[in-house]
Amino acid sequence: KEERDDGWTLCNKCESYRPPRAHHCRICRRCIRRMDHHCPWINNCVGELNQKFFLLFLIYTGIACIYALILTIIAMVKGFGQRVIHPAAIICSCMLIMEAIIF
């Protein structure tokens, strides 16, 4: 590794100088400062400049999943009073519950 006085090193893969604590992402094919990981959900690397936005994305997705789960439970409780429940409503409710559990 070739290193300069200020801690910058030369990346072997993209052949550019990278700052300290930077890592090369094999998917993006570039060096990312303070790289956490490459996220397939946002199709981007999570690093120093977008970590806050990634955490907000996770929080908002979690809130949306909880909201969908609550609405599904309310719809199912209200639907149990009816004699006939439409099969599409059951399938949709099951898919929303699975989506909320997965995320």
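Visitor: Which residues of helix 1 meet which residues of helix 2?

Guide: In this predicted model, Cys65, Ala68, Leu69, Thr72 and Met76 of helix 1 meet Ser93, Leu96, Ile97, Glu99 and Ala100 of helix 2.

Visitor: How many residues of that contact are nonpolar, polar or charged?

Guide: The contact of helix 1 with helix 2 has seven nonpolar residues, two polar and one charged.

Visitor: What describes two packed helices?

Guide: The angle between the axes and the distance between them describe such a pair. Here helix 1 covers residues 51–79 and helix 2 covers residues 87–102. Their axes come within 9 Å and cross at roughly 150°.

Visitor: Is the crossing left-handed or right-handed?

Guide: Helix 1 passes helix 2 in a left-handed crossing.

Visitor: Where are Arg29 and Arg34 found?

Guide: Arg29 is in the loop between strand 3 (22–25) and strand 4 (30–33). Arg34 is in the loop between strand 4 and strand 5 (37–39).

Visitor: Is Arg29 buried or exposed, and what about Arg34?

Guide: Exposed means over 50% relative accessible area, and buried means under 20%. Arg29 has 67%, so Arg29 is exposed. Arg34 has 39%, so Arg34 is partly exposed.

Visitor: Where is Asp6, and what is its relative accessibility?

Guide: Asp6 is in the segment before strand 1 (9–10). At 44% relative accessibility, Asp6 counts as partly exposed.

Visitor: How many residues apart in sequence are Asp6 and Pro20?

Guide: Asp6 and Pro20 are 14 residues apart in sequence, and their C-alpha atoms are 8.6 Å apart in space.

Visitor: What can be said of the whole chain?

Guide: Of its 103 residues, 19% count as buried. The chain exposes about 8300 Å², and carbon and sulfur atoms supply 62% of that area. Among contacts with a separation of 6 or more, 12% come from residues 24 or more positions apart.

Conventions
Residues numbered from 1 in each chain as written. Predicted model: local features only at pLDDT ≥ 70, side-chain atom pairs only at ≥ 80, totals over all residues. Heavy atoms only, no water. Axes fitted to C-alpha atoms, helices over the stretch in contact; angles between N-to-C directions. Helix = DSSP H or I, 4+ residues; strand = E, 2+ residues; numbered from the N terminus. Left-handed = near helix turned anticlockwise from the far one by under 90°. Contact = heavy atoms within 4.5 Å. Nonpolar A, V, L, I, M, F, W, Y, C, P; charged D, E, K, R; others polar. Buried < 20%, exposed > 50% of the residue type's maximum accessible area, 1.4 Å probe, protein only. Areas by Shrake-Rupley, 256 points an atom, 1.4 Å probe, with all protein chains shown as cover.
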